[in-house]
Amino acid sequence: MYRRILSGIVAQGKTREFLDAMRVATDFQVERGIRARTAVWGSMTGRNNGVLIAADFNTLEDLERWTDMATEDARFAEVRRAVRTHMVYDDVKVSIHRLAYHSEGLMTSEEATAPRKFMRVLTGEVKPGQHRDFVLSVSHALDYQKQRGIDATTSVWSAMTGHTSGVAIVAEFDSLAELEKFDEMAVTDAEFARLRAATRASMVFLTTETHLMRRLM
């Protein structure tokens, strides 16, 4: 499974127009047989107008078909420009990721990436030779939190563009209460803190950032 991420900033007062343009673009590609689950997330930390568009494709071929259409179909290009018109273009970034791990196991994008309401994203880089230890530590931490009633779906995405050792750990929650429960356990539960520290030990800590986002669409 592959994820195309477009991140940027929505122009002041243009959120409604931006989301309307996103719906048109999503409908356009679906009508032409491009299957991709698309979710739009708004920043809760960092810049207030920050947004992230995540489009998930079952195969690399599906992503390539989307890319070809974006390049060759003038109408689709026009529809996509309408989306970017409402964004601060200089801050727009595109990246491609591959699904490396999912808390529910491997499945189709429609099943695995059905978006929840809130998302916690931890990004960084895995140290050379540490990928196996990194994924294993993530799995152990997820088992621990699941046993203690934390309702979240968690996935790990490996970067295919930019720093190829880059990773994103994405935890999604249906309520702020569940997210707060996670944060509280991370602070008060020594064993959970130890398990999470093992994950970070496999990462280059200076490049690690945590973002909280809420789903807009």
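The largest nonpolar core holds 26 residues, and the members that touch the most others are Phe18, Met22, Val40, Ile53, Phe57 and Val83. Strand S1 (2-9), helix H1 (15-31), strand S3 (50-57), helix H2 and helix H3 (74-85) each put at least two residues into this core. H1 is the top contributor, with six residues. A nonpolar core here is a set of buried Ala, Val, Leu, Ile, Met, Phe, Trp, Tyr and Cys residues joined through side-chain atoms within 4.5 Å. Buried stands for under 20% relative accessible area and exposed for over 50%, with partly exposed in between (1.4 Å probe, protein chains only). As a general point, nonpolar side chains tend to be buried together in soluble globular proteins. Helices (H or I, at least four residues) and strands (E, at least two) are DSSP runs numbered from the N terminus.

A word on the model itself: it is predicted, so local features need pLDDT of at least 70 and side-chain atom pairs count only at pLDDT 80 or more, while totals for chains, interfaces and linings use all residues. Residues are numbered from 1 along each chain as its sequence is written, and side-chain values use heavy atoms, with hydrogens and water left out.

Turning to charge pairs, the salt bridges come to eight, counting a side-chain nitrogen of Lys or Arg within 4 Å of a carboxyl oxygen of Asp or Glu. In general, side chains of opposite charge can pair when their charged atoms come close. In helix H1, Arg23 and Asp20 sit three residues apart, about one turn of the helix, and they form a salt bridge whose closest N and O atoms are 3.2 Å apart. Both partners are partly exposed, Arg23 with a relative accessible area of 37% and Asp20 with 39%.

A further bridge joins the side chains of Arg32 and Glu31 at 3.5 Å, N to O. Arg32 is partly exposed, at 38% relative accessible area, whereas Glu31 is exposed, at 62%. Towards the other end of the numbering, Glu191 and Arg194 meet in a salt bridge at 2.7 Å, N to O. These two lie three residues apart in helix H7 (residues 190-201), so about one helical turn separates them. Glu191 is partly exposed with a relative accessible area of 31%, and Arg194 is also partly exposed, with 48%. Elsewhere, salt bridges link Arg116, Asp151 and Asp174 in a network.

The surface also carries a negative patch, made up of Glu61, Glu64, Asp68 and Glu72. Patches are built from residues with over 30% relative accessible area and no salt bridge, like charges being joined within 9 Å and nonpolar side chains (Val, Leu, Ile, Met, Phe, Trp, Tyr) within 5 Å. The areas themselves come from the Shrake-Rupley method with a 1.4 Å probe, and for residues only the protein chains shown count as cover. Glu61 belongs to helix H2 (residues 60-72) and is exposed, with a relative accessible area of 51%.

Ala168 is part of strand S7 (residues 166-173) and counts as buried, with 10% relative accessibility. Between Ala168 and Gly124, 44 residues apart along the chain, the C-alpha separation is 6.7 Å. Arg37 is found in strand S2 (residues 37-43) and is partly exposed, with a relative accessible area of 26%.

Arg3, finally, lies in strand S1. Arg3 is buried, with a relative accessible area of 6%. The C-alpha atoms of Arg3 and Met203 are 21 Å apart, and the two residues are 200 residues apart along the chain.

Terms used
Lys and Arg count as positive and Asp and Glu as negative; His and the chain ends are not counted. The place of a charge is taken as NZ of Lys, CZ of Arg, CG of Asp or CD of Glu.
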